[in-house]
Amino acid sequence: MSRSTTSRITPRRTAVAMSAVVLLLPLSACGGDAEAGSGSTVTVTVGYQSRTINTVTAGTLLRSLGSFEKQLNSLHDGVRYKVNWQDYATGAPITAQMTAGKIDIGSMGDFPLLINAARGTQLNRPTRLVSVTGYNLRGGLNTIVTAPGSGLTSLKDLKGRKVSTSVGSAADGTLVRALRRAGIDPDSDIEKLNQQPSVGASALAAGSTDALSQFVAWPGLLAYQGKAKAVYDGARLNLPTFHGVTAREDFAKERPGVLEAFLKAQAEATDYLNEHPVDAAEKVAKATGLPAEVVYLYNGAHGTATFDPAIKPQLVSALKKDVSILKSAKLTGDVDVDSFVDDQYAKKALGPAEYAERLASKPAPPASEAWPEGASRTVTFHSPTALLRYVAGHRDELRAAYVPDTTTGTLWFADKAVWVADGDKVLPFVTPETARAYVNGHGGARVVPYADALERVS
């Protein structure tokens with residue numbers, strides 16, 4: 001069952017170690033590459049992160065669909081537009097290029113967005129948050145993983161260990177907050193390695209780091225490949241995390257129609273993802289080289305990410321709370337979040353009524369899903385037990401099976417989950433720690449292997 005056939009009411013639907021000195025280049029009309037005054041060609045430069053799949057509606061999927069180019073062609077303002085797509089691994093270089101006047105529109109995570117805002121203000125090249133791509137209201141888009149054979153099974157086990165993350169990213173924010181809640185000083189009780197996601201993944205595989213805290217799609221990818229297991233689900237923080245779209249203020253004021261065209265195109269890509277989640281996952285997989293099964297884990301009908309361009313109050317509130325984490329890491333000073341957030345362009349692009357509808361929408365409820373081979377839609381189940389019965393009868397006919405964590409709702413691969421037998425129920429958890437917490441509170445419950453969980457329902 002696809003997202004469009006569920007009860008979901010969602011509308012159509014980072015190392016950030018930046019150079020201390022940024023070379024400031026003169027601003028042109030758009031992206032520093034426009035033939036201003038000729039009236040013939042204007043280049044709009046979009047910075048995106050193809051493999052950060054929580055941004056696909058403003059990047060990878062949007063580019064694949066060609067929606068932005070179509071919207072620009074419909075402006076009929078006597079200008080021919082060219083879109084220059086620039087792909088980056090993290091948000092830091094996008095911010096550097098934006099403050100140098102070389103990128104007009106960019107997408108990045110919540111913590112990099114704040115650094116974007118701070119750096120723009122510092123250099124007198126202000127930027128504005130104009131829309132949201134994907135979000136999770138509990139924080140489930142960031143996960144801490146360790147090696148498959150590691151004896152580390154809880155946050156407290158990380159004390160005295162090496163942990164790789166990208167300083168200044170949302171994943172680093174999750175790590176800092178989670179450690180503090182566990183009574184561990186993130187500055188002195190662990191050895192933090194500031195690494196790009198791919199470098200951290202390699203370090204984990206090589207055994208040169210004990211754990212990795214990263215954002216989508218890295219944790220799911222490594223788990224899917226059998227190269228990692230989850231040790232902490234970011235949704236346990238119960239704090240929203242999201243990615244969004246930022247635009248240079250001067251660009252937005254000079255070419256509001258172009259920005260509105262981008263936001264209309266983003267809304268179209270959002271609707272496409274919500275209405276055709278399997279096909280959208282396949283398109284993103286083709287463009288990025290990521291397994292479609294991993295893309296779907298986050299971006300599917302009941303995936304961990306919910307896609308909606310409206311800037312919800314909960315996300316703005318979370319952004320304000322994030323400032324203190326970046327300040328403690330000496331990555332920013334105070335950030336005026338209220339002046340950074342600017343939804344006027346999205347409201348105009350979508351219309352007041354539609355924007356209000358999207359603003360009021362809610363994520364789909366957690367659900368289990370099976371993806372049969374060759375199917376254009378997944379099959380949705382009301383309980384993990386029902387999913388397991390289906391899996392037991394179709395073991396060689398499935399691309400993937402997904403289950404939501406019993407405590408947090410975070411979607412995870414069924415065969416990578418930690419399973420607990422409680423009477424006639426079998427319940428999935430993303431991490432051993434949350435599974436143990438459930439067992440300790442329910443007499444008779446016990447952790448069982450995945451194979452046993454399948455046998456119990458067969």
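Two strands are taken to pair if DSSP finds at least two bridges between them. Helices (H or I, at least four residues) and strands (E, at least two) are DSSP runs, numbered from the N terminus. The model is predicted, so local features need pLDDT of at least 70 and side-chain atom pairs count only at pLDDT 80 or more, while totals for chains, interfaces and linings use all residues. Residues are numbered from 1 along each chain as its sequence is written, and side-chain values use heavy atoms, with hydrogens and water left out.

Strand 16 (residues 418-422) and strand 17 run antiparallel and are joined by five bridges. Within this pair, V420 has L427 of strand 17 as its bridge partner. The two strands form a hairpin with two residues between them, and G423 in the turn has a positive phi of about 65°. Four of the five residues of strand 17 (residues 425-429) are buried, buried meaning under 20% relative accessible area, with exposed over 50% and partly exposed in between (1.4 Å probe, protein chains only).

An open sheet of six strands shows mixed pairing in the order 2-1-3-10-4-11. Strand 2 (80-87) and strand 11 (306-307) are at its edges with a single partner strand each, so one side of each has no neighbour in the sheet. Strand 4 (residues 127-136) pairs with strand 10 (residues 241-248) in the antiparallel sense over seven bridges, and T127 stands opposite R248 of strand 10.

Axes are lines fitted to C-alpha atoms, for helices over the stretch in contact, and angles run from 0 to 180 degrees between N-to-C directions; contact means heavy atoms within 4.5 Å.

Helix 9 (residues 256-275) packs with helix 10 (residues 277-288) at an angle of about 115°, the axes being 5 Å apart. Helix 9 contributes Y272, L273, N274 and E275 to the contact, and helix 10 contributes P277, D279, A280 and K283. These residues divide into four nonpolar, one polar and three charged. Ala, Val, Leu, Ile, Met, Phe, Trp, Tyr, Cys and Pro count as nonpolar, Asp, Glu, Lys and Arg as charged, and the others, Gly among them, as polar.
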